[in-house]
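Hi everyone, thanks for making time. Let me put the structure up on the screen, and then we'll walk through it together.

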2 protein chains.
Amino acid sequence: MATIQDVARLAKVSISSVSNVLNGRTERLRPDTAERIQQAIQLLGYRPNQAARQLKTGKMPVIGLLVPSTANPFYGQIAAALESYAQTRHGYRVMLCNTHRDRALEARMLEDLSGFGVAAAILLSSFDDERHVEDAVARGLAVISYDRAPGTAGNRGIDHVYADNVEAGRLAAQHLIDHGHRRLAFVMPAGRTNSRDRKIQGFLRAAGQAAEPVSAQVYEGRAITAYGDSELADIGYELGQRLAAETAAPTGVVTVNDTLAMGLMAGLRAAGKRVPEDVSVVGMDNMVLAAFTSPPLTSIAMPVEPMAQAMVDRAVLRITEPDAPAEQLRFDPALVPRESVSPPPAAQPSGSRA
Amino acid sequence: MATIQDVARLAKVSISSVSNVLNGRTERLRPDTAERIQQAIQLLGYRPNQAARQLKTGKMPVIGLLVPSTANPFYGQIAAALESYAQTRHGYRVMLCNTHRDRALEARMLEDLSGFGVAAAILLSSFDDERHVEDAVARGLAVISYDRAPGTAGNRGIDHVYADNVEAGRLAAQHLIDHGHRRLAFVMPAGRTNSRDRKIQGFLRAAGQAAEPVSAQVYEGRAITAYGDSELADIGYELGQRLAAETAAPTGVVTVNDTLAMGLMAGLRAAGKRVPEDVSVVGMDNMVLAAFTSPPLTSIAMPVEPMAQAMVDRAVLRITEPDAPAEQLRFDPALVPRESVSPPPAAQPSGSRA
DNA sequence: TTGAAAGCGCTAACAG
DNA sequence: CTGTTAGCGCTTTCAA
């Protein structure tokens, strides 16, 4: 690798002049000098050494990205959106960490990041408290937290970008109620998280406020283990079998996410239930493949692109202006009706279809 | 951030002693000194500055990972496997780049990586030639190329880790032939790549070597555009409609990957064809969700974990031993039969079922 | 308008 | 066994 020395030598100038063109301070150079330097850079294929730069300036154009697992298509999608935007819009690179929903791992990665001079991290976590994150924040790392509503704990200094999960839960349940369902279920893996709690809250609220009495139950499946996110569909499958075996089984099911919904539909089918004729299903996330399942999955869309961009923008802002106060940005989900919802088997459709 | 100085001061030793424990040269320390240093490190929450270390040693414990897009579930899965293994096994971090199958982007990212002191990159590309990569290699970057068979071009110095795609194509076609299919199709997006070519080669070979005459055709859909990988399913959908409209339509279809297969099944279904009763489908990649489609998708499994680990191991080796010669590692695919394949509508199953 | 020089935090001789 | 020291490549005053 050529160094700034090599460039200076070739262009017959001092290294500070080279540094000046590198940092856009061209007003301090005579045009022809600048030109000569540019050519030398070209010729040598010189790339400034970021490590040296970081050492000097203390800043690194890199954002840390912590996700449960990119093996989960939804997180893969967000990761792609984040990385591409960070790169094209701000020239920042992304360091990827799969946390597998492991708190200790998460904390360690946050620490490691600081070691690399990474000044901001985007955290797609699932833990309710942010204790382990606050250490990192105290050390000066800017953290952008995804999908955890603020105010749950002391989270001064942490940015929050989140979808209105209460609304998401409400939207899903209401859609089912509008189709005449009166026995509803919300299904998810075992274990409460902030975002799950809020989805449930919205789900229950819609049921509670319905004109006619609606039963609404929450089913927890197996917990996600170690290499977790590939299990989501399995958990859904088991839940599908379980629901099918139930007496007075729910006719309308809301799932915590689409991957689990795909598993659920498979499990239901394996147990002899048809979707949507016997059981209607509403997923969440509206991942790309949701449109291609059989039947196509009705889902609650989270505005992935805008949220991804907001997170990156915040991360960059917190790096360039460390004193900027943390913000809370809420985004609205939207129902995407497809074919996995129909009126329940016995019931007559109530007049009030959506 | 605490520095090595702070630690030395607190432990009342010189910085070189601290450096020695940091780098595991504990045999040069008295146990109690080492112990004191450890405590100081703990107390201060000290993390060595990687930039400074890199500047000194020229090495950085980071691997570059270039994928078309983690929004494609298959690449998301590989990315997760790679990152987790690199981290837990070797303590290496991963810098992620979504190339969107854009050659210029790919080249630029490779350059950037060098600027960060990243000494090895894993490249999941789709371009046949490796011209743009060779510049990077010449500059000293170790490149591990995925799923591109060696020998296609001058690729000295580039490691290759790939699945036997010819065998994958053969396996898929043979499975269909064994079920009695005599009109086969291979479907994919427009545009040839090395891995697609090899899959087709195997597909055609199986058809050509069948005991009875088998027609085998290749269908190219629309090309993947810019933000491409989320389109794969769309392309499959269109292809499904197109196949369904065909007179003497193929009864057995092999798809270049599972995501496209999901789209294909949806398109077929929308056009009134049933899978597998009217059309049998074999996907490739055996992604997690393949087991949960309706019907569950028969697929050709690529050994993702072993391949991911091999790539990371190679990358680390090439960093630690720059003189190690490049290697070519081939992995064998395997058929995973599920329910998307049955005998063709009219035909009697031939005796020779798999 | 250009150049000289002082470190940023760390490693690895080398000297004690 | 422990400490001193010379840079790694770069940015950034400060002088010339």
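Let me start with a term: buried means under 20% relative accessible area, exposed means over 50%, and partly exposed is in between, with a 1.4 Å probe and protein chains only. This is a predicted model, where local features need pLDDT of at least 70, side-chain atom pairs count only at pLDDT 80 or more, and totals for chains, interfaces and linings use all residues. On bookkeeping, residues are numbered from 1 along each chain as its sequence is written, chains are lettered from A and ligands numbered from 1 in the order in which they are written, and side-chain values use heavy atoms, with hydrogens and water left out.

Okay, salt bridges. In general, side chains of opposite charge can pair when their charged atoms come close. Here the rule is a side-chain nitrogen of Lys or Arg within 4 Å of a carboxyl oxygen of Asp or Glu. Searching the whole structure over all chains turns up 34 of them.

Take A:Arg47 and B:Glu111, whose side chains meet in a salt bridge at 2.8 Å, N to O. That pair crosses between chains: A:Arg47 sits in the loop between α3 (31-44) and α4 of chain A, and B:Glu111 in helix α6 (residues 103-115) of chain B. Helices, by the way, are DSSP runs of H or I with at least four residues, strands are E runs of at least two, and both are numbered from the N terminus. A:Arg47 is partly exposed, at 24% relative accessible area, and B:Glu111 is partly exposed too, at 29%.

Now, which residue does A:Asp112 form a salt bridge with? The partner is B:Arg93, with the closest N and O atoms 2.9 Å apart. A:Asp112 lies in helix α6 (residues 103-115) of chain A and B:Arg93 in strand β2 (residues 93-98) of chain B, so this pair joins two chains. Both A:Asp112 and B:Arg93 are buried.

There's also a network of salt bridges linking A:Arg47, A:Glu83, A:Arg93, B:Glu111 and B:Asp112.

Let's zoom out to the interface. 54 residues of chain A are in contact (heavy atoms within 4.5 Å) with 54 residues of chain B. Together the two chains bury about 4800 Å², 64% of it on carbon and sulfur atoms; that is the accessible area, with a 1.4 Å probe, that two parts lose on being put together, summed over both. Six salt bridges are found across the interface of chain A and chain B. On the side of chain A that touches chain B, the elements giving two or more residues are α4, α5 (73-90), β2 (93-98), α6, α10 (232-245) and α11 (258-270) of chain A. α5(A) gives the most to that side, with eight residues.

Last stop, the DNA. 27 residues surround DNA strand D, near meaning a heavy atom within 4 Å, and the closest are A:Ile4, A:Tyr46, A:Arg53, B:Ser14 and B:Lys56. Of the atoms of DNA strand D that come within 4 Å of the protein, sugar and phosphate account for 60%. A polar side-chain atom of A:Ser19 lies 3.2 Å from a phosphate oxygen of DNA strand D.

Technical notes. A polar contact is a pair of N or O atoms within 3.5 Å; within protein, one must be able to donate a hydrogen and the other to accept it, and residues adjacent in sequence count only if both atoms are side-chain atoms.
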